[in-house]
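User: I am new to this structure. Could you take me through it in short steps?

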Amino acid sequence: MKYALVTGGSRGIGRAVCIELAQMGYPVIINYNNNDVAAKETKEIIEKNGGTAELMQFDIANAEQVDVTLENWIDSHPDDYIAVLVNNAGIRNDVTMLWMNNEQWSEVIDTNLNGFFYVTRRLLKDMLTKRWGRIINVVSLSGIKGLPGQTNYSASKAGVIGATKALAQETAKRNITVNAVAPGFIKSDMTKDFDEKAFKDIIPVGRFGDAEEVAHAVAFLASEKASYITGEVISINGGLHT
């Protein structure tokens with residue numbers, strides 16, 4: 001059986017993606033780090049709608065946790081594999097570089113960039129062996145355009161964009177596509193401290209996006225309909241940057 005794993009799947013864009021993939025028929029693995037309540041809520045929503053979901057707790061920035069947790073899952077599912085991976089988990093810690101300390105730089109890079117590597121590397125072998133897989137990385141407008149106060153975040157997301165393009169070329173012959181979606185201002189915990197009214201005049205569509213609008217794009221990239229698309233970055237930003 002083909003499973004889908006969504007990192008940071010308990011809230012916001014991650015929750016919307018989990019729900020969307022479950023509606024496509026995938027048993028969904030909801031990864032989360034700390035928020036047990038939100039993760040259980042996401043699982044309950046999926047199951048209430050007739051889908052299948054399970055919880056998987058680990059910190060994507062902790063290489064040992066990632067390896068042990070995923071290896072245990074693989075050992076306990078000898079006839080299944082994780083065929084769809086959505087690298088969604090990420091953090092921000094905004095501060096101008098002049099005042100940024102080592103920890104503020106490292107914690108964002110460790111989660112957003114190294115976490116992508118730890119999880120993807122562990123699941124790639126089964127996809128290659130089965131000759132089918134979908135890897136979708138949730139990056140950001142910040143990784144394409146760069147935003148002031150986000151040199152750490154922009155660097156981490158730009159790194160994932162580069163890795164997306166390189167990995168896509170490594171895996172294409174085995175029917176594994178690797179793509180990214182780059183949200184702009186989306187209503188979520190990541191943007192809860194932003195004033196939507198202050199930004200609406202610079203966003204051509206005049207509003208923040210909804211998490212479901214990102215999830216629709218992710219679901220398309222996870223489907224057979226997107227089998228000839230790989231190494232691409234799809235911007236979802238209401239026309240803010242093209």
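User: How does the lining of the largest pocket divide by class?

Analyst: This is a predicted model, where local features need pLDDT of at least 70, side-chain atom pairs count only at pLDDT 80 or more, and totals for chains, interfaces and linings use all residues. Residues are numbered from 1 along each chain as its sequence is written, and side-chain values use heavy atoms, with hydrogens and water left out. Ala, Val, Leu, Ile, Met, Phe, Trp, Tyr, Cys and Pro count as nonpolar, Asp, Glu, Lys and Arg as charged, and the others, Gly among them, as polar. The lining of the largest pocket has 17 nonpolar, 17 polar and 7 charged residues.

User: Which helix gives the most to the lining of the largest pocket?

Analyst: On a 1 Å grid over the protein atoms alone, a pocket is an open set of points with protein on both sides within 12 Å along at least five of seven lines, and lining residues have an atom within 4 Å of a point. The pocket has a volume of about 1,000 Å³, the space filled by probe spheres set on points joined across faces, edges and corners. Helix 1, strand 2, helix 5 and helix 6 each supply at least two residues of this lining; helices (H or I, at least four residues) and strands (E, at least two) are DSSP runs, numbered from the N terminus. The most, 3 residues, comes from helix 1.

User: Which backbone oxygen does the side chain of R15 reach?

Analyst: R15 lies in helix 1, residues 12–23. Beyond its neighbours within four places in sequence, R15 is in contact (heavy atoms within 4.5 Å) with G9, S10, A38, E41, T42 and I45. At 3.0 Å, its side chain reaches the backbone oxygen of A38.

User: What is the volume of the largest cavity?

Analyst: A cavity is a set of grid points where a 1.4 Å probe fits but cannot get out. The whole structure has 1 cavity of 30 Å³ or more. Helix 4 gives the most to the lining of the largest cavity, with 3 residues. The volume of this cavity is about 60 Å³.

User: Why does A61 count as partly exposed?

Analyst: A61 lies in the loop between strand 3 and helix 3. Buried means under 20% relative accessible area, exposed over 50%, and partly exposed in between (1.4 Å probe, protein chains only). A61 counts as partly exposed because its relative accessibility is 24%.

Definitions and conventions:
A polar contact is a pair of N or O atoms within 3.5 Å; within protein, one must be able to donate a hydrogen and the other to accept it, and residues adjacent in sequence count only if both atoms are side-chain atoms.
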